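Student: Hi! Could you walk me through this structure?
Tutor: Happy to, let's look at it together.

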Amino acid sequence: IGTCIVFGFFLLLGGCIGMAGVGSYNNLVSLSQTVDAQWGQVENVYQRRADLVPNLVATVKGAANFEQSTLTAVTEARSKVGQVTSEAIGNIINDPTAFEKFQQAQAGLSSALSRLMVVMENYPELKANRNFLDLQTQLEGTENRITVERMRFNESAQKFNTVRDSFPTVFIANFFSDKFNIRPYFKAEEGANKAPEVKF
């Protein structure tokens, strides 16, 4: 009888540990899916901005004697964003190095667009161009969305990371380390406390 009690105790203990493990795993899956979904939103708004660039460049090219170096910088920055995204597709939020490259490429495009908008001040005909004004409004809205979606991504990553590193979930997360890597965060660009200025 004593052996049966001991066996039953260990069986019950094993069952409780197993259930806790399954619960922790399922919770990590749910939080990971939330982070992935929010990452999709981040990619959406960045893609929207990238899609606006060719139209913006084409409109600006119509201005007489517009600074070619500024347009070249914007075009090259957009190209770099495309290269980084295609190289790291599907792996960015699980790879801190790829995430950092992605963020650097996006920061480069933000900087190039900011310079473009500053230079536009010297071209009154652009400020009177309806197509340009529409693009400028769309770009401003997109920059605001980028800020919001990055913040939401950071919030979902923080929730995931907190649960992931909590006891005893950390054991499950480490066992499935490729699936449940710590999620990176967007950080403020050096010297930048706000989204690129696109108002006139």
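Predicted model: local features only at pLDDT ≥ 70, side-chain atom pairs only at ≥ 80, totals over all residues.

Student: Let's start with α5. How does the span of its 35 residues agree with 1.5 Å a residue?
Tutor: Helix α5 covers residues 130-164, and at 1.5 Å a residue it should span 51 Å. Its end C-alpha atoms are 50 Å apart, so the two values agree.

Student: And what caps the N-terminal end of α5?
Tutor: That's N129. One of its side-chain oxygens lies 2.8 Å from the backbone nitrogen of N131.

Student: Switching to aromatics, how many aromatic pairs are there?
Tutor: The structure holds 14 of them. Take F99 and F186: their rings form a tilted pair, 4.8 Å centre to centre with 55° between the planes.

Student: Where in the chain do F99 and F186 come from?
Tutor: From distant parts of it. F99 is in helix α3 (residues 96-120), while F186 is in the segment after α6 (169-175), and they are 87 residues apart.

Student: What about F153 and F186, what kind of pair is that?
Tutor: Edge-to-face, with 5.6 Å between the centres and 70° between the planes. This pair also links distant parts of the chain, as F153 is in helix α5 and F186 in the segment after α6, 33 residues apart.

Student: Are those two buried or exposed?
Tutor: F153 has 0% relative accessibility, so it counts as buried. F186 is at 6%, and the cut-off for buried is under 20%, so F186 counts as buried too. F99 is buried as well.

Student: Where does the charged end of R183 sit?
Tutor: Over the ring of F160, 4.5 Å from the ring centre.

Student: Now the largest nonpolar core. Which residues touch the most other members?
Tutor: W39, F66, L116 and F153 do, out of 43 residues in that core.

Student: Which elements give two or more residues to this core?
Tutor: Those are α1 (2-61), α2 (68-87), α3 and α5. Helix α1 gives the most, with 12 residues.

Student: One last thing: leaving aside neighbours within four places in sequence, what is L116 in contact with?
Tutor: L116 is in contact with L56, V60, F66, T70, L71 and V74.

Definitions and conventions
Residues numbered from 1 in each chain as written. Heavy atoms only, no water. Helix = DSSP H or I, 4+ residues; strand = E, 2+ residues; numbered from the N terminus. Expected span 1.5 Å × (residues − 1). Polar contact = N/O pair within 3.5 Å; in protein donor to acceptor, adjacent residues only side chain to side chain. Phe/Tyr/Trp six-rings, centres within 6.5 Å; stacked < 30°, edge-to-face > 60°. Buried < 20%, exposed > 50% of the residue type's maximum accessible area, 1.4 Å probe, protein only. Lys NZ or Arg CZ within 6 Å of the ring centre and 35° of its normal. Core = buried A, V, L, I, M, F, W, Y, C linked by side-chain atoms within 4.5 Å. Contact = heavy atoms within 4.5 Å.
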